[in-house]
Amino acid sequence: PTAPAATEGGGPVQPKVNRVVMALDPPTREFNNPRHIGATVMWQVKPMYEYLVGIDHKTGKLVPQLATEWKLEPDNGGVRFKLRQGVPFNRGYGEMTAKDVAYSWQDLTKDISKAVPNTFAPWWKKTIKEVEVVNDYEAVFRFTQPDSTFMDLVSESAGQMPIRSKAQFDKLEFQNALRGSASQCQKNHIA
């Protein structure tokens, strides 16, 4: 390939194509369920999921994603999230609600994780007592103990708790790719 021609004013050269190519090790497991895979394998499926909290890639600050706002509970015993309304899951699995948030946490803490040796279940079980569904668009993570890393772990930054469709799991269609809400959902990835 040849380099693009320089501009007349000597300013920056604009590429013909804006694209990032990223090379990764091949997946060691054929799962797209976050409970069953480790962080390095998660790269292949991360684009199809969204998180309660996003990250501003310029400032590094936490920003709303699936949650529009969040606040510490008055007793410091948890964090309350208000959820964005009207977020559809891919392939018709309904609208994302607080029940999907609670399901995503419950599934993440199951003991049957196939992610060996790094499963996040022990941390989530030790730190979170429950996820209370207040209504369709509000959920509270109740702490067993305070943890300064919690907000990072529910965010896109750490990517440990993507929100997944409870309706799909209830239909026992988990043998297919678990559906996230992100618009760039990967297709034909077998769980």
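Guide: What follows is a walk through the sheet, with its strands, its helix and its core.

A word on the model comes before the tour. This is a predicted model, in which local features need pLDDT of at least 70, side-chain atom pairs count only at pLDDT 80 or more, and totals for chains, interfaces and linings use all residues. Residues are numbered from 1 along each chain as its sequence is written, and side-chain values use heavy atoms, with hydrogens and water left out.

The protein has five helices and six strands. Helices (H or I, at least four residues) and strands (E, at least two) are DSSP runs, numbered from the N terminus. Along the sequence the pattern reads α-β-β-β-β-α-α-β-β-α-α.

Now to the sheet. Four strands form an open sheet in the order β3-β4-β6-β5, and the pairing is antiparallel. β3 and β5 stand at the edges with a single partner strand each, so one side of each has no neighbour in the sheet. On average, neighbouring strands of this sheet are turned by 20° against each other, direction ignored. Axes here are lines fitted to C-alpha atoms, for helices over the stretch in contact, and angles run from 0 to 180 degrees between N-to-C directions. Two strands count as paired if DSSP finds at least two bridges between them. Strands of a sheet pair through backbone hydrogen bonds, either parallel or antiparallel.

Take the pairs in turn. Strand β3 covers residues 67-72 and strand β4 residues 78-83; they pair in the antiparallel sense over five bridges. K71 has R80 in β4 as its bridge partner. R80 also stands opposite V140 in β6. β4 and β6 are antiparallel too, and pair over five bridges. Six bridges join strand β5 (residues 128-135) to strand β6 (residues 138-143), again antiparallel. There, V131 stands opposite F141 in β6.

Next come the turns. β5 and β6 form a hairpin with two residues between them. The hairpin of β3 and β4 has five residues between the strands. N76 lies in the loop between β3 and β4. Its phi is near 60°, a positive value in a residue other than glycine. N76 is partly exposed, with a relative accessible area of 47%. Buried means under 20% relative accessible area, exposed means over 50%, and partly exposed lies in between (1.4 Å probe, protein chains only).

V79 gives a contrasting view. This residue sits in strand β4. V79 is buried, with a relative accessible area of 6%. Contact means heavy atoms within 4.5 Å. Not counting residues up to four places away in sequence, V79 touches several residues, among them W70, L72, V140 and M151. V79 and M151 are 72 residues apart in sequence, yet 8.9 Å apart in space, C-alpha to C-alpha.

F81 has contacts of its own. Leaving aside its neighbours within four places in sequence, F81 is in contact with residues including L52, W70, F141 and F150. F81 also belongs to the largest nonpolar core, which has 29 residues. A nonpolar core is a set of buried Ala, Val, Leu, Ile, Met, Phe, Trp, Tyr and Cys residues joined through side-chain atoms within 4.5 Å. L52, F81, V101, W124, F141 and F150 touch the most other members of the core. β4, α2, α3 (121-127), β5, β6 and α4 (150-153) each supply at least two residues of this core. With five residues, α2 gives the most.

That brings in the helix. Nine of the 11 residues of α2 are buried, so the helix is largely enclosed by the rest of the structure. Among these buried residues are V101, Y103, W105 and L108. Their cover includes β4, α3, β5, β6 and α5 (166-170).

Last, how confident is the predictor in each part? pLDDT is the predictor's confidence in each residue, from 0 to 100. The mean for the protein is 77, and 66% of its residues reach 70 or more. Among the elements, β4 has the highest mean pLDDT (97), and helix α1 (residues 39-42) the lowest (58). Over residues 183-191 pLDDT stays under 50. Where pLDDT is low, the predicted coordinates should not be read in detail.
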